[in-house]
Amino acid sequence: MKNKHLLRVAMLCAAFVTLAALLTGTGMASSSATIRGGLVSDVGRFNDRSFNQSALEGMKRAAQVLNIKYKAVESKSTNDYIPNLESLARAKYNIIISVGFLLADATHATAEKYPTNKFAIIDYSINDAPFKGDKNVAGLTFNTNENSYLIGCLAAFKAKEKGKKIISAVGGLNIPTVSIFIAGYRAGAKKCVRGTKTLVNFSQTFNDQSKCKELALNQIAAGSQVVFQVAGGCGLGALSAAKSKGKWGIGVDKDQGGLGSFILTSAVKRVDNSVFLTVQAVKAGKFKGGRNLVFNLKNKGVALGKLSSRCKCAKYMKKVNSLKALIIKGKIRPPKKL
């Protein structure tokens, strides 16, 4: 009897130890291991107040909320992409996230070299070359044609107020992840104000603000009343041109309303959410490579930023919101290509 009693006590103690381990996350190898996330910027770097910065904010939030460790590595030139990615892969980071389309080839090459590592790339479909067959890479893609369609509608209304049906967009490189914004913007403008003209120019850079400013000044001289920047750090120059000439500016990726009340709104891409959710999936053991995660209006992966306090847009937002509902239902499909 005594031996049976001691056995019961031992089993009970073991049960309490196991329960304590589950509740506190200690005592078991899978729970105590610290997840480490790596982030590699494109040449725009993390202080672009746009795309790269948003990705870094998502990783920082993951560190705080999910109790993970991270390392953010800046790329000063395109030659840094592979060395930066490989440094994280060699250090066995649990997830390595590339910030943007420009890192596609480098991410593919590194993922092939380190097949047991997990990778994700923002703004690139895993179904496209060079990634076909890369089972350890996930694509984080955004239907930014949807929120830009709504912004184009609003921009056209504001331009019409000034008696000129002309708006514009300054892009960085003419690549799919940039042109998709502009395609939606132009289509939304035509939908709401027939005859609206959208001027489009590309700076061929994401970090030289002077080039974007020059393009925007030329567009304004040609009659543009609203300037949409889709050029990362370079685009800050386009917005400064709009401000200097008393025109509306539209931000991109992050809500750039903090730049001033001349910012009509922003085409927000929740890059921060995509990074956070990817790290969360890795920590939960649910990460799956070889597929895309798509962020859109329906799942709030893209959105409109706050409206300017000077906007007086209430009379237009009824139309904008009705278009939003139709896009979510699939009854309107904004174009993805110019």
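1. Start with α6 and α11, which are roughly antiparallel to each other (roughly antiparallel means an angle over 145 degrees; under 35 counts as roughly parallel, 65 to 115 as roughly perpendicular and the rest as oblique). Helix α6 covers residues 144-161 and helix α11 residues 314-329; they pack at about 155°, with axes 10 Å apart. Axes here are lines fitted to C-alpha atoms, for helices over the stretch in contact, and angles run from 0 to 180 degrees between N-to-C directions. The crossing of α6 and α11 is right-handed, that is, the near helix is turned clockwise from the far one by less than a right angle.

2. A word on what you're looking at: this is a predicted model, where local features need pLDDT of at least 70 and side-chain atom pairs count only at pLDDT 80 or more, while totals for chains, interfaces and linings use all residues. Residues are numbered from 1 along each chain as its sequence is written, and side-chain values use heavy atoms, with hydrogens and water left out. Helices (H or I, at least four residues) and strands (E, at least two) are DSSP runs, numbered from the N terminus.

3. Helix α6 also meets helix α7 (residues 176-192), with axes that come within 6 Å and cross at roughly 45°. That makes α6 and α7 oblique to each other, and this crossing is right-handed. Residues in contact (heavy atoms within 4.5 Å) include Ser148, Gly152 and Ala156 from α6, and Gly184, Ala187 and Gly188 from α7. The contact of α6 with α7 divides into twelve nonpolar, six polar and one charged residue. For this count Ala, Val, Leu, Ile, Met, Phe, Trp, Tyr, Cys and Pro are nonpolar, Asp, Glu, Lys and Arg are charged, and the others, Gly among them, are polar.

4. Have a look at helix α9 (residues 235-244): seven of its ten residues are buried, so it is largely enclosed by the rest of the structure. Buried means under 20% relative accessible area, exposed over 50%, and partly exposed in between, with a 1.4 Å probe and protein chains only. Among the buried ones are Gly235, Leu236, Ala238 and Leu239. Their cover includes β6 (166-171), α8 (209-221), β8 (226-230), β9 (248-253) and β10 (263-269). After α9 comes glycine 246, with a positive phi near 70°.

5. Now the open sheet: six strands in the order β2-β1-β3-β4-β5-β11, with parallel pairing (two strands pair if DSSP finds at least two bridges between them). The edges are β2 (69-73) and β11 (291-295), each with a single partner strand, so one side of each has no neighbour in the sheet. From one strand to the next, the twist averages 20°. Helix α4 (residues 81-90) packs on this sheet and touches β1 (36-40), β2, β3 and β4; its direction makes about 175° with that of β1.

6. Four bridges pair β3 with β1 in the parallel sense, and three join β3 to the parallel strand β4 (residues 119-122). Isoleucine 96 has glycine 38 opposite and phenylalanine 119 as its bridge partner in β4, while isoleucine 97 stands opposite alanine 120. Ile95 and Ile97 point one way, Ile96 and Ser98 the other, and all are buried.

7. Last, alanine 281 in helix α10 (residues 271-283). The C-alpha atoms of alanine 281 and isoleucine 95 are 10.0 Å apart, though 186 residues separate them along the chain.
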